[in-house]
Amino acid sequence: MQYTFRPLNDPRPEMEQALDRAIELSVGSKQYTIVDGQLVYEQHRRYRYAFTLESSSWDLPDSTDFQLQSADFDHLLVELSNTKDDRVTITTMQRLPERTLSYAHLVVERAHLLRKMKEALGQVQASMDLGLKLFGYLDCPDEAVTSSLVDAISDVFVPDDVQRLAIQRSLASEVQMILGPGGTGKTDVLTAIAMLHAILYKSRVLITSHTNIAIDNAIIRLATFFRKHGMDCFLEERNLVRAGNPHLADLETDAFHNVTISMIVNDAIEQQREEITRLERRREKVLLDITEYRQELPIQVRDWNQRQEEIPLQRKRIETELECLEEEEQRQLSPIQAQLASLIKRDKKAIQAMKAAKATWQAEEARLMPLQQRYIDQWSLYEAGLKKLEGLHEYRPVARVFVQLLTGKWEKALEASVEELAALLRTLQDQMAPIQERIAKAKLTYGQAERQHADLQPTIDSWTKKRDTQPAHYIQKQAALTQDLADLERELQAGNPRIAALEQALIKARQERALIEDALAHLDQQVEDAKREAGRLVLESAQVVGATLTSLYLNPTLLNQQC
């Protein structure tokens with residue numbers, strides 16, 4: 001039996017009319033309030049959050065694209081990953097702040113997806129190609145497809161009669177619906193069809209559905225089938241590719257490293273990802289530092305203001321303690337100073353007595369000296385006259401007369417001279433005697449005062465030492481209080497160094513954060529460019545691609561591929 005390929009009419013006009021009508025009927029938007037968000041999954045810069053739905057019910061399928069609105073975002077594109085009871089899971093490409101996690105809205109514009117589909121429809125030039133891509137139509141040879149084609153893959157998959165018939169009809173027709181209960185081998189048949197077109201016909205196969213889970217299950221079953229039948233090289237060469245963002249976590253394991261496009265693309269940007277990870281960790285550290293600085297700074301400022309109010313009070317208290325300490329010291333010194341003053345007064349009187357006595361005897365000695373000199377001179381004359389008189393008395397009277405005649409010195413005259421000199425000497429003695437008495441008295445007074453002064457000196461020195469030697473506890477306490485005053489003055493002049501350090505650290509941290517943000521923005525753009533290019537190359541070289549209809553509509557690279 002032969003099956004003739006019948007070309008389809010251009011479906012685009014009818015599709016455009018249907019889309020226009022649907023857009024016309026889809027007016028406005030719908031908003032869902034979500035609260036209490038928690039991060040449940042993070043990998044390859046994709047973040048999955050679980051929220052609680054507030055006072056609404058879901059009426060949209062998984063993989064629906066939403067716009068998230070919150071205090072932090074006006075329109076952030078997110079994808080609905082899963083719903084269960086009042087729990088909803090969304091996937092986004094960036095981390096959500098705390099305010100958004102606490103309260104946000106998911107907004108879906110009713111005509112948003114329809115407009116995207118119409119835009120994609122208008123971008124395609126070949127209407128026949130569009131129909132084939134959207135509905136999975138593949139070129140078919142004009143000759144009959146015999147069971148020998150199926151036998152060509154018998155070493156990989158041996159179908160039963162029903163499965164063989166389904167494969168043959170699928171290869172010979174443009175559209176084929178295969179129905180069957182679970183366990184009848186629908187996925188194996190799908191795999192066999194994909195293998196025949198991809199391996200034998202060297203055709204490219206697109207597997208699509210409206211949900212992520214359906215595509216994920218199909219890709220997992222296909223990969224399992226290929227591995228089961230020893231065709232790992234088909235996977236290693238990236239001929240089977242899951243485009244878009246999978247919903248099932250199995251597709252993000254190492255087993256599907258060469259299947260999931262996000263993991264393939266991530267290999268191409270591994271170096272940038274490592275740098276981004278490093279910068280993000282550093283940014284988190286810097287943000288944590290900024291938070292800590294911003295929290296600590298007002299506390300430090302408040303504490304310093306309080307400290308500035310405390311310092312004058314503390315200084316006044318220390319000054320009062322110093323005054324009290326000085327008063328106590330003065331009280332203890334008072335009897336010592338009184339005793340010392342009395343001793344010093346007595347010592348001064350002794351010194352004054354010494355000075356007065358010395359002055360007296362020096363003055364009297366000055367008066368005595370000329371008298372003594374005159375006495376000495378007169379005494380010499382007196383001795384000479386007395387010797388002459390005694391010499392005359394040694395002679396006999398006759399001889400004495402003869403000697404007097406020869407010398408011309410008469411005895412009477414000598415006696416009168418000697419008597420006169422003796423009277424003069426007596427007069428000088430009478431004059432010197434009171435002077436000598438006064439000198440002796442002055443010297444006696446000087447000696448007594450000198451002894452008193454000498455006796456007072458050890459006592460004065462002892463009391464002076466007591467006065468000048470301060471108690472150890474007084475010295476220590478005075479030094480401590482003085483040091484406290486100096487420390488307070490230095491503290492007041494220097495201010496709180498921690499405040500200046502925090503302000504400087506905050507400036508540096510903000511500058512570093514800005515530099516990191518700039519670097520991340522630059523790297524993000526590089527990564528996006530690299531991901532697009534890597535994704536394009538992967539999709540262009542892959543033979544079997546699985547993607548949702550949404551990904552197909554919104555991805556020009558997928559939409560423009562030849563199947």
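# Close-up views of the predicted model

**View 1. The open sheet of β7, β9 and β8.** In this predicted model, 3 strands make an open sheet with the order β7-β9-β8, and their pairing is parallel. Its edges are β7 (205-209) and β8 (240-242), each of which pairs on one side only. On average, neighbouring strands of this sheet are turned by 15 degrees against each other, direction ignored. Strand β9 covers residues 544-548 and is joined to β7 by 5 bridges, the two running parallel. Within this pairing, Thr208 stands opposite Ala547 in β9. Strands of a sheet pair through backbone hydrogen bonds, either parallel or antiparallel.

**View 2. Helix α8 across the sheet.** Helix α8 is formed by residues 212-228 and lies across β7, β8 and β9. Relative to β8, helix α8 runs at about 155 degrees.

**View 3. The largest nonpolar core.** This core has 30 residues, and those that touch the most other members are Ile167, Phe226, Phe234, Leu240 and Val544. Two or more residues each come from α6 (161-172), α7 (186-200), β7, α8 and α9 (232-236). Helix α8 gives the largest share of the core, 8 residues. A separate core of 23 residues lies apart from this one, and its members include Leu297, Trp304, Ile311 and Ile318.

**View 4. The surroundings of Phe226.** Which residues is Phe226 in contact with, leaving aside its neighbours within four places in sequence? They are Thr191, Met195, Met231, Asp232, Phe234, Leu235 and Leu240. Phe234 and Leu240 are also listed with Phe226 among the core residues that touch the most other members.

**View 5. Strand β5 and its pairing with β2.** Strand β5 (residues 87-92) is mostly covered, with 5 of its 6 residues buried. Strand β2 spans residues 46-54 and is joined to β5 by 6 bridges, the two running antiparallel. Two of the facing pairs can be picked out here. Phe51 stands opposite Val88 in β5, and Thr52 stands opposite Arg87 in β5. Strand β2 is itself mostly covered: 8 of its 9 residues are buried.

**View 6. The hairpin of β4 and β5.** Strand β4 (residues 76-84) is linked to β5 by 5 bridges, and these strands run antiparallel. Opposite Thr91 in β5 stands Glu79. How many residues lie between β4 and β5 in their hairpin? There are 2 residues between them, and Asp85 in the turn has a positive phi of about 55 degrees.

**View 7. Gln300 in helix α11.** Gln300 lies in helix α11, which runs through residues 270-394. Is Gln300 buried or exposed? Gln300 counts as buried because its relative accessible area is 17%, and buried means under 20%. With neighbours within four places in sequence left aside, the contacts of Gln300 are Asn496, Arg498, Ile499 and Leu502.

**View 8. Ile435 in helix α13.** Helix α13 covers residues 411-468 and contains Ile435. The relative accessible area of Ile435 is 3%, so this residue is buried. Leaving aside neighbours within four places in sequence, Ile435 is in contact with Glu364, Arg367, Leu368 and Leu371. Ile435 and Glu365 lie 70 residues apart in sequence, with 7.8 Å between them in space, C-alpha to C-alpha.

View 9. The unreviewed UniProt entry assigns the annotation "coiled-coil region" to residues 262-296 and 499-540. In the model, residues 262-296 are 97% helix and 0% strand. The end C-alpha atoms of this span lie 42 Å apart.

**View 10. The protein chain as a whole, for orientation.** The protein chain contains 17 helices and 9 strands. Of its 563 residues, 36% count as buried. The chain exposes about 33,100 Å², and carbon and sulfur atoms supply 52% of this area. Among contacts between residues at least 6 apart in sequence, 72% join residues at least 24 apart.

Notes. Residues numbered from 1 in each chain as written. Predicted model: local features only at pLDDT ≥ 70, side-chain atom pairs only at ≥ 80, totals over all residues. Heavy atoms only, no water. UniProt positions renumbered as here; feature names shortened; annotations may be inferred. Helix = DSSP H or I, 4+ residues; strand = E, 2+ residues; numbered from the N terminus. Pairing = 2+ DSSP bridges. Axes fitted to C-alpha atoms, helices over the stretch in contact; angles between N-to-C directions. Contact = heavy atoms within 4.5 Å. Buried < 20%, exposed > 50% of the residue type's maximum accessible area, 1.4 Å probe, protein only. Areas by Shrake-Rupley, 256 points an atom, 1.4 Å probe, with all protein chains shown as cover. Core = buried A, V, L, I, M, F, W, Y, C linked by side-chain atoms within 4.5 Å.
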